[in-house]
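The following paragraphs lead the reader through one structure, beginning with a single residue and widening to its surroundings. Please keep the sequence and the model in view while reading.

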Amino acid sequence: MAPAELGVEIARRIAAREGVETAALNPPLHAVVDVDALESLIHSRPDERTDFTGVVSFAYGEYTVTVDHTGSVSITPLEDADPNPGDGPGRQFEYSSQ
């Protein structure tokens, strides 16, 4: 997955769960998470080095969105989400807009 597509992929998956178009997401994804920062963390440029090997999880509406270091995206209902999706202490990064 190309770096510029990560935010689009997340929005598409949430929209599919909600049964709406991505433009109809409320709030918009960028209001909940800094998509540029997420993309920079997951897909660093060739001239940058990142040792990130964990996961990033954040709440969006009724879902937990999890992106791992490879760019794999999962959307899970909050009640079904793994409370500790990382590889152990210090490997999990969470963001909440609340």
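Ile14 counts as buried, since its relative accessibility is 0%; buried means under 20% relative accessible area, exposed over 50%, and partly exposed in between, with a 1.4 Å probe and protein chains only. This is a predicted model, in which local features need pLDDT of at least 70, side-chain atom pairs count only at pLDDT 80 or more, and totals for chains, interfaces and linings use all residues. Residues are numbered from 1 along each chain as its sequence is written, and side-chain values use heavy atoms, with hydrogens and water left out.

Ile14 lies in helix 1; helices (H or I, at least four residues) and strands (E, at least two) are DSSP runs, numbered from the N terminus. Not counting residues up to four places away in sequence, Ile14 touches Leu25, Leu29, Tyr60, Val65 and Ile75, where contact means heavy atoms within 4.5 Å. The C-alpha atoms of Ile14 and Thr64 are separated by 9.9 Å, although these residues stand 50 residues apart along the chain.

Ile14 is one of the buried residues of helix 1, together with Leu6, Gly7, Glu9, Ile10, Ala11 and Ala15. These buried residues pack against helix 2, strand 1, strand 2 and strand 3. Just after helix 1, Gly19 takes a positive phi of about 75°.

In soluble globular proteins, nonpolar side chains tend to be buried together. The largest nonpolar core here has 21 residues, and Ile10, Leu29 and Phe58 have the most contacts inside it; such a core is a set of buried Ala, Val, Leu, Ile, Met, Phe, Trp, Tyr and Cys residues joined through side-chain atoms within 4.5 Å. Two or more residues of this core come from each of helix 1 (6–18), helix 2 (35–42), strand 1 (55–60), strand 2 (63–68) and strand 3 (73–77). Helix 1 gives the largest share, five residues. Leaving aside neighbours within four places in sequence, Ile10 is in contact with Leu29, Leu38, Phe58, Val65, Val67, Val73 and Ile75.

How do the two helices meet? Leu6, Gly7 and Ile10 in helix 1 meet Val35, Leu38, Glu39 and Ile42 in helix 2.

Strand 1 also holds Ser57, which is buried with a relative accessible area of 5%. The side chains of Ser57 and Thr66 are joined by a polar contact of 3.1 Å, that is, a pair of N or O atoms within 3.5 Å; within protein, one must be able to donate a hydrogen and the other to accept it, and residues adjacent in sequence count only if both atoms are side-chain atoms.
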